[in-house]
Amino acid sequence: MKDMAMAVEALARKVMNHRVFDHPMYRHWACAPLPAAQSAALFHQLQNFCASTRLGMAFPQGLKNMGLPRQAELMSEIEVSEGGHGPDLARMAGHIVNLAGKERVFDDLDDQAEVEAGLKRYSDQLLADLPGYDRASGLTRQAREAIAVFQQRSRSDPESTIRNLGIAFALELISNRSLIPGEKRALVDSGHYGVNLKDPEMYYLLDHWGECGAEQQHELNVRQAIAGVLNAETEPLVLSGIDAFLDALAALWDVIDSQLLPAEAAV
Ligand SMILES: [Fe+2]
Ligand SMILES: [Fe+2]
């Protein structure tokens with residue numbers, strides 16, 4: 001039991017030691033107010049990536065097929081808790097874009113489709129010339145590759161399922177300890193947009209951040225799930241899932257950082 005706790009801890013350290021964990025994009029995003037167009041383009045890439053991580057698809061069923069009903073339950077709990085996060089993220093993104101520009105871009109922040117279409121328009125304006133940019137979705141090659149990591153949840157064979165568990169483990173640790181705190185630093189703590197965690201438009205961050213936040217619970221779920229399956233046979237698959245996710249997200253942060261964010265901290 002103690003050995004298992006140490007093995008899970010070693011996996012967690014691997015995630016936290018990856019270059020994506022403390023990527024410079026977080027610092028660059030927070031160092032100065034980001035103009036409306038850049039904010040919108042960033043949120044378009046981020047929003048689509050986040051959406052791809054919410055669906056369980058065949059993943060819980062794959063776990064059940066392997067005789068891992070508890071793991072299936074823990075993963076389904078995460079999926080259920082993601083309900084409503086799409087509209088919440090769109091509302092926050094639209095609000096930040098409204099505050100970042102000289103004029104209000106979005107009249108109705110509750111109109112998720114309208115906000116998301118607006119974010120894409122800015123992405124097309126700023127990023128369409130990048131190699132591999134897809135006009136139809138408005139996604140960079142790097143965003144599509146990060147999304148493809150989660151599309152492997154359409155498979156329910158044992159190898160894919162264990163790999164998907166590694167991917168989920170890394171995702172939830174990054175969300176809880178790197179991405180959500182990074183967003184909070186850039187959007188709230190920086191003071192650049194004059195918003196507070198308690199503002200209704202910022203509910204997405206309030207809901208995700210901190211000790212009682214959704215991501216904290218998700219991290220507990222994936223730690224518990226992985227502890228029940230880690231052995232000499234599964235570990236290489238878990239590790240390959242972890243690496244695939246971390247490398248894909250690092251590439252996405254690289255392109256966002258180099259194309260949309262200021263080069264170095266101005267303060
Ligand atoms: Fe979420
Ligand atoms: Fe999560």
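Glutamine 224 is partly exposed, because 13 other C-beta atoms sit within 10 Å, a count between the cut-offs for exposed (12 or fewer) and buried (20 or more). Keep in mind that this is a predicted model. Alanine 225 has 24 C-beta neighbours inside 10 Å, so it counts as buried.

- Alanine 225 and phenylalanine 169 are 56 residues apart in sequence, yet their C-alpha atoms are 8.7 Å apart.
- Once neighbours within four places in sequence are set aside, alanine 225 is in contact with Gln71, Leu74, Met75 and Leu165.

- Helix H5 (residues 69–81) has 13 residues, which should span 18 Å at 1.5 Å a residue; the end C-alpha atoms are 18 Å apart, so the two agree.
- Its buried residues are Gln71, Ala72, Leu74, Met75 and Ile78.
- They take up an arc of only 165° around the axis, so they are on the same side of H5.
- Turn to the face pointing away from that buried side, and you find the exposed residues Pro69, Arg70 and Val80.
- Helix H4 (59–65), H9 and H11 are among what covers the buried residues of H5.

**Helix H3: buried residues and their partners**
- Helix H3 (residues 36–54) has 19 residues, so at 1.5 Å a residue it should span 27 Å; its end C-alpha atoms are 26 Å apart, which agrees.
- Among the buried residues of H3 are Gln38, Ser39, Phe43, His44, Gln47, Asn48 and Phe49.
- For packing partners, the buried residues of H3 have helix H6 (85–100), helix H7 (112–127), helix H8 (141–151), H9 and helix H12 (235–260).

**The largest nonpolar core**
- This core holds 71 residues, and the members touching the most others are Ala93, Phe169, Ala170, Ile226, Phe245 and Leu249.
- The biggest contribution comes from helix H9 (residues 158–189), which gives 14 residues.
- Which residues does alanine 93 touch, not counting those up to four places away in sequence? They are Phe43, Gln47, Val115 and Leu119.
- Two of those names, Phe43 and Gln47, also turn up among the buried residues of H3.

Conventions
Residues numbered from 1 in each chain as written. Chains lettered and ligands numbered in written order. Predicted model: local features only at pLDDT ≥ 70, side-chain atom pairs only at ≥ 80, totals over all residues. Core = buried A, V, L, I, M, F, W, Y, C linked by C-beta atoms within 7 Å. Helix = DSSP H or I, 4+ residues; strand = E, 2+ residues; numbered from the N terminus. Contact = placed C-beta atoms within 7 Å. Expected span 1.5 Å × (residues − 1). Arc of directions from axis to C-beta.
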